[in-house]
Amino acid sequence: MTHLDAVRLTAPGLYTAAGADPAAVWEALVAGKDTSRPYEALAGTWPGADAVFLVDDPDAAALGVHRRVLRTSEKQARMALYGARLSLAGRGPVGGERWGLYLGLPTVDEELLRFTALDGLRQAAGSPDRVAALFAREVPPFSGLSHLNSTAAAHISAAFGLTGAMAAYSPYADAGLEALIDGVLSVAEGENEAAVVGAVSPKIHPLLFPQYEELGWNGATPGEGAAFLLAAGARDVPVQDAPDHGGSPSARLAGYGRAFGADGDERTAAITGAVRTALEMARTDADGIGWLLPDAVWTAEGERAQRAALDEVFADAVERPAVIGTERATGVLGPAHPLAHVLLALHGLAGGRRLAAAGGAVREEALPTPRALVLACGARGQVCAVVLEGVGT
């Protein structure tokens, strides 16, 4: 039997343009701080925006690794490792065969070899010397390794000795919440003692726009970042993690719902069903949700479906919960975005506060009930809904 009540979510690690923790994002949203930066790709500015939400590429010192590791990874893998380091910094013993890793990863967005280079390699196939010369000139060192998203999992596992059960998930927005749900279940069902859960955005790159455009991009501004946390047994979360002891917030996954492959008119029904399943598992209803953090969907179809589903679920609520997310301060973070919302919700649950839209601004206010609903809506019809509930320790 699965015991979600026995698992705690703690140790938030969040790296975005707004800062390196949920409190920094919270403050940036309330202050209306502009955290974007000018960006000019090889083909000009990002379409529709002169600025995007970039983060600095972590260096070897920040990551705590040898500089050679930087040559065998790309920026999204380094963002992921840095997010994990932020989450686990200062904790006691970490790692071992009962510590798992669950990651939401984006597509690889490295540039492919030019056709002229491929044609040159074909023509030189009979001459090892010419092939070697072409490789030296046309192929970046370690490109075979840097193009693998698995390097993110490999570097995190190696850095922290995580050798328990682990998994990586799809490149779409649902991937972070898929990782969260399965990471929590791995602890609840006794497969792991603890699970490091995280997700990372794509890095902003000239080839990212064609990928988004092909999937129906609606003009949302992209951002870079990583979001991580730890799922552990309640008895293993030390008292110093309680907010009133100056530690990191602690909450639980009270319920979840999932759907896969819904498209067209079925997408609204899939989101509605996933949300209602999550509410039922959490033993609550629409009136029991104090804060709603929807996905920052970046397709017009997904945006319409999510809005229609939420209108249906909360149609009979006495008071609709506040609805706001992080994109004003972080941009759209791909797989990391819903998990960043989870971390922002943990921060709010810990202090009994929430964020709400106030015209064109954001205000902080009391959280009327200690539950938050977070949604993820993948571009191919995947849906995840989770209900988070504040707890003591």
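Colleague: Happy to look at this one with you! How many helices and strands does the secondary structure of the protein come to?
Modeller: Glad to have you along; keep in mind that this is a predicted model. Buried residues make up 55% of the 393 residues in the protein. As for its secondary structure, the protein has 14 helices and 16 strands.

Colleague: Nice. Which residues have the most contacts inside the largest nonpolar core?
Modeller: That core has 54 residues. Domain 1 (4-114 + 140-233) and domain 2 (251-390) both contribute residues to the core, so it lies between them. The residues with the most contacts inside the core are Leu180, Trp291, Val342 and Val386.

Colleague: Let's turn to helix packing. Are α9 and α14 oblique or roughly parallel to each other?
Modeller: Helix α9 (residues 175-188) and helix α14 (residues 336-351) have their axes 6 Å apart. Gly176, Leu177 and Leu180 in α9 meet Pro338, Leu339 and Val342 in α14. The packing angle is about 55°. The two helices are therefore oblique.

Colleague: And what is the angle at which α1 and α14 pack?
Modeller: Here the axes are 9 Å apart, and α1 is roughly perpendicular to α14. On the α1 side, the contact is made by Pro22, Ala23, Val25, Trp26 and Leu29, which meet Leu343, Leu344, His347 and Gly348 of α14. The angle is about 85°.

Colleague: What is the centre-to-centre distance in the aromatic pair of tyrosine 15 and tyrosine 82?
Modeller: The count comes to two aromatic pairs, and this one is edge-to-face, with 85° between the planes. Tyrosine 15 lies in strand β1 (residues 7-15) and tyrosine 82 in helix α4 (residues 75-88), so the pair ties together parts that are 67 residues apart in sequence. Both tyrosines are buried. Their ring centres are separated by 4.7 Å.

Colleague: Why is the pair of tryptophan 26 and tryptophan 291 counted as edge-to-face?
Modeller: Both tryptophan 26 and tryptophan 291 are buried. Tryptophan 26 lies in helix α1 (residues 22-31) and tryptophan 291 in strand β11 (residues 291-293), so the pair links parts 265 residues apart in sequence. The ring centres are 5.8 Å apart and the planes are at 85°, so the pair is edge-to-face.

Colleague: Now the backbone. What is the phi of alanine 11?
Modeller: Most residues other than glycine have a negative phi. Alanine 11 is found in strand β1 and is buried, with a relative accessible area of 4%. Although alanine 11 is not a glycine, its phi is positive, at about 55°.

Colleague: Is arginine 283 buried or exposed?
Modeller: Arginine 283 lies in the loop between α11 and β11. Its phi is near 60°, a positive value in a residue other than glycine. With a relative accessibility of 66%, arginine 283 counts as exposed.

Colleague: Last one! Which residues is alanine 270 in contact with, leaving aside its neighbours within four places in sequence?
Modeller: Alanine 270 is in helix α11 (residues 266-281) and counts as buried at 13% relative accessibility. Its C-alpha atom is 9.2 Å from that of alanine 305, 35 residues apart along the chain. Leaving those neighbours aside, the contacts of alanine 270 are Ala259, Ala262 and Val383.

How values were computed:
Residues are numbered from 1 along each chain as its sequence is written. This is a predicted model: local features need pLDDT of at least 70, side-chain atom pairs count only at pLDDT 80 or more; totals for chains, interfaces and linings use all residues. Side-chain values use heavy atoms; hydrogens and water are left out. Rings of Phe, Tyr and Trp (its six-membered ring) pair if their centres lie within 6.5 Å; planes under 30 degrees apart count as stacked, over 60 as edge-to-face and the rest as tilted. Helices (H or I, at least four residues) and strands (E, at least two) are DSSP runs, numbered from the N terminus. Buried means under 20% relative accessible area, exposed over 50%, partly exposed in between (1.4 Å probe, protein chains only). A nonpolar core is a set of buried Ala, Val, Leu, Ile, Met, Phe, Trp, Tyr and Cys residues joined through side-chain atoms within 4.5 Å. Domain bounds come from an automatic or database domain assignment. Axes are lines fitted to C-alpha atoms, for helices over the stretch in contact, and angles run from 0 to 180 degrees between N-to-C directions. Angles under 35 degrees count as roughly parallel, over 145 as roughly antiparallel, 65 to 115 as roughly perpendicular and the rest as oblique. Contact means heavy atoms within 4.5 Å.
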